[in-house]
Amino acid sequence: MSDPKEQGGPERTQPILAPKNILTTGIYSTILKKTTTQRPPVAETKAPGDPSDGVSPDPAAESCYWTSERDGEVKLRLGKNSENEPPVTVPDMIMSAATKYSHYLAIGSKYKKSWQLLTYIEYYEACRRAAKAFLKLQGTRFGFWLCMCTRWCPGPNVGLERFHGVGIMGFNSTEWVIANIGAIMAGGISVGILCSISPKACQVIAEAAEMDIFVVDNDRQLQKVNQIQGYLKHLKAIIQYREDIQEVQPNLYSWKGFLDLADGISDEKLDQVIDSQKPNQCCALVYNQGTSEVPKATMLSHDNITWTTAAAVQSLGYKCPPNGQEVLVSYLPLCFAGAQILDVWVAISVAGTVYFPSPEAAKWNGPARAPGTGFLTEMLREVQPTTFCGVPWVWDRMLDSLKTKQLDSTAFRRRIDRWAMSLGLNTNRRRLLGQIHQPLCFGLAKKLTFDPARKFLGLKHCQQFLNLGLGLPRTTMDFFLSLDIPIFDMYGLTECSGLHTLSSHQAFRLLSSGKALPSSHTKVEKENQENIGNLCLWGRHIFMGYLNDKEGTKKKVDSQGWLHTNDLGFLDVDKFLYVLGNTSGEDRDLITLSSGEVINPSPIEERVKTRIPIVRYVMVVGQNAPYLCALLTLKCQINPETGEARSALTSEAVACCRKIRSQSTWLTDVLYDRDPLVTEFISQGIQDVNAEAPSEGAKIIKWVILDNDFSVSGGELGPMSKLNRTIVTKIYQEDIQKFYEASPSS
């Protein structure tokens with residue numbers, strides 16, 4: 001393989017952090033020395049209660065699987081192959097990558113139309129410098145004024161203290177990941193914080209994490225910290241890594257000023273801190289941000305991260321030098337466990353090159369936007385990733401743009417695309433049944449339709465297409481499958497380090513979330529006659545516990561170490577997992593009618609979207625009501641800069657209207673039954689859906705078209721595009737009440 005610096009792609013300029021001559025410092029010799037040192041073995045533990053193992057619970061270990069203390073240690077769930085999967089810390093994993101792939105390109109950010117790139121050895125040195133600087137930080141604590149009224153004494157003001165938090169609040173960037181890794185190396189706990197959260201929510205997170213340091217990307221995030229700093233007794237310093245500091249204040253550092261502090265800490269001192277860390281100790285806190293629930297601090301251990309990373313690499317088809325190098329784009333918020341595992345830790349493990357958006361992409365002062373809004377398409381076309389991870393909102397935007405492009409083409413071109421897509425869908429469906437032979441004309445379809453579609457999306461070189469978050473609708477999966485783009489669904493919670501099951505080229509079934517990570521287990525409790533029940537998970541990816549919440553942790557993890565997800569689903573005969581919804585919490589999916597019948601709205605909603613192609617979102621309502629009703633939004637054009645819906649219908653929706661002889665082109669044309677043709681079309685679709693209902697209670701009796709599409713900025717969708725049922729119910733409470741003011745027959 002050629003020197004990675006000579007490979008194609010973004011041109012290399014001077015790095016963000018100019019490293020010292022690493023080979024002449026103690027860093028490289030330290031790496032070589034530490035790679036020969038192994039950590040002491042940990043006792044093996046098999047999955048208790050799992051029929052495949054035949055192991056009865058170990059009473060002595062029952063209380064060791066979890067803790068609610070930040071400095072606590074847990075018993076690792078080691079399986080049969082534990083000798084081949086020894087527990088390692090995050091610093092050890094990064095050091096291993098720096099040793100093996102020192103001169104391969106690691107990360108890059110775009111500044112003023114040029115890319116600043118770091119190799120793996122430069123990346124590692126940058127993280128060590130950040131760790132040293134965290135240990136050196138000194139200054140007057142912002143909460144000092146509280147001592148006058150509470151008699152609290154600030155005590156000796158050292159740098160980052162062991163198991164104290166470093167809050168990182170900013171857009172994905174090279175500085176974000178360096179601060180993240182540096183905080184862990186320095187013995188702290190990394191805490192990613194969503195950019196769009198309120199100062200109050202930020203305060204709750206900072207107080208629970210005992211935040212010593214905040215790392216923010218711009219003045220807008222800095223002002224949030226300034227509003228709450230007087231209440232944070234542990235806060236010692238703030239670091240701003242983008243934009244010039246507008247107003248000097250005590251203990252506010254620029255990124256360069258922060259890194260300059262590293263010269264005051266020796267390599268030996270940092271190595272002592274790193275060597276003191278254990279795989280079963282906490283190194284990261286992940287909060288459930290962007291939901292209607294109170295933020296809950298999920299503690300992840302070193303082993304949670306490193307083992308989940310290794311298991312994901314084993315399950316997916318990543319390239320690794322010298323056989324090739326992955327190219328990745330990072331745009332999903334890194335404060336979410338799944339995004340961080342894939343964009344940061346997996347990338348390090350396989351020595352991939354991760355590209356971050358330019359600072360201009362982060363200069364957005366409007367309401368919250370969905371990930372990638374305003375820059376993703378352009379970035380994909382420039383970077384050309386080999387693996388791409390999307391969320392439902394992103395795949396939906398890609399689908400809209402492709403359909404618009406097709407509808408704007410000539411009639412002859414549309415005929416070619418229809419033929420090619422029909423061939424692609426049939427061929428890929430046969431592949432799922434084990435038929436691997438392609439028809440002779442598949443290559444022609446690829447050249448005429450499939451390759452141009454990938455090029456248009458910026459995915460010409462992409463070999464893996466992943467979906468993080470909710471499973472995609474069947475119609476979306478089929479559309480991309482017809483273009484020879486199989487999208488691999490995944491399933492995971494923050495409490496299982498973001499990933500539990502993965503789909504891949506070797507394990508792919510439509511509507512399934514794939515198979516469990518190697519050496520992890522899934523069981524279904526309280527199964528009904530259709531084998532659907534509550535999902536429980538077991539493995540080394542299961543979290544340590546909720547910080548300072550012993551009772552909450554006890555409810556989530558039982559005495560045998562099983563995580564109770566509160567999600568509903570089933571396993572097929574080949575162990576593929578199908579997730580159907582959530583059974584508890586504020587955003588629970590299940591609906592209980594006044595008759596006592598429990599309805600899962602998710603399959604009903606998917607059938608509505610399939611039967612009525614002009615509908616984008618459906619939310620079935622009816623909690624404690626006599627019957628079900630539905631809130632519908634139509635497919636409207638999306639503002640590419642804000643992610644908000646416009647009033648004009650999409651090209652696909654307009655084409656559908658023309659098929660039923662409707663002339664509607666705007667949302668206002670069909671609201672309040674103004675277009676009888678569209679009203680009749682939707683009514684017929686609802687009737688078709690009801691014809692498939694398993695019971696009378698599962699039928700939709702009334703429906704209404706809302707005057708706006710759901711969006712992240714409107715609050716109806718979460719940061720990762722999940723439907724916020726609780727918030728939608730509050731926003732459209734008046735519409736819901738009208739459903740039940742009169743009897744269904746009126």
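Tutor: The structure holds seven cavities of 30 Å³ or more. A cavity here is a set of points, on a 1 Å grid over the protein atoms alone, where a 1.4 Å probe fits but cannot get out, and lining residues have an atom within 4 Å of a point. This is a predicted model, in which local features need pLDDT of at least 70 and side-chain atom pairs count only at pLDDT 80 or more, while totals for chains, interfaces and linings use all residues. Residues are numbered from 1 along each chain as its sequence is written, and side-chain values use heavy atoms, with hydrogens and water left out.

The largest cavity contains about 100 Å³ of space, a volume being the space filled by probe spheres set on the grid points, which are joined across faces, edges and corners. Its lining consists of Tyr318, Leu328, Val329, Tyr331, Leu332, Leu342, Asp343, Thr387, Phe388, Cys389 and Leu466. Nine of these residues are nonpolar, one is polar and one is charged; Ala, Val, Leu, Ile, Met, Phe, Trp, Tyr, Cys and Pro count as nonpolar, Asp, Glu, Lys and Arg as charged, and the others, Gly among them, as polar.

At least two lining residues come from each of β11 (327-329), α11 (337-349) and β13, where helices (H or I, at least four residues) and strands (E, at least two) are DSSP runs numbered from the N terminus. Strand β13 gives the largest share, three residues. An open sheet of five strands includes β13, in the order β13-β14-β15-β16-β17 with mixed pairing; two strands pair if DSSP finds at least two bridges between them. Strands β13 (387-390) and β17 (515-516) are the edge strands, each pairing on one side only.

Conventions:
1 Å grid on protein atoms, 1.4 Å probe; cavity = no way out; pocket = protein on both sides within 12 Å on 5 of 7 lines; lining within 4 Å.
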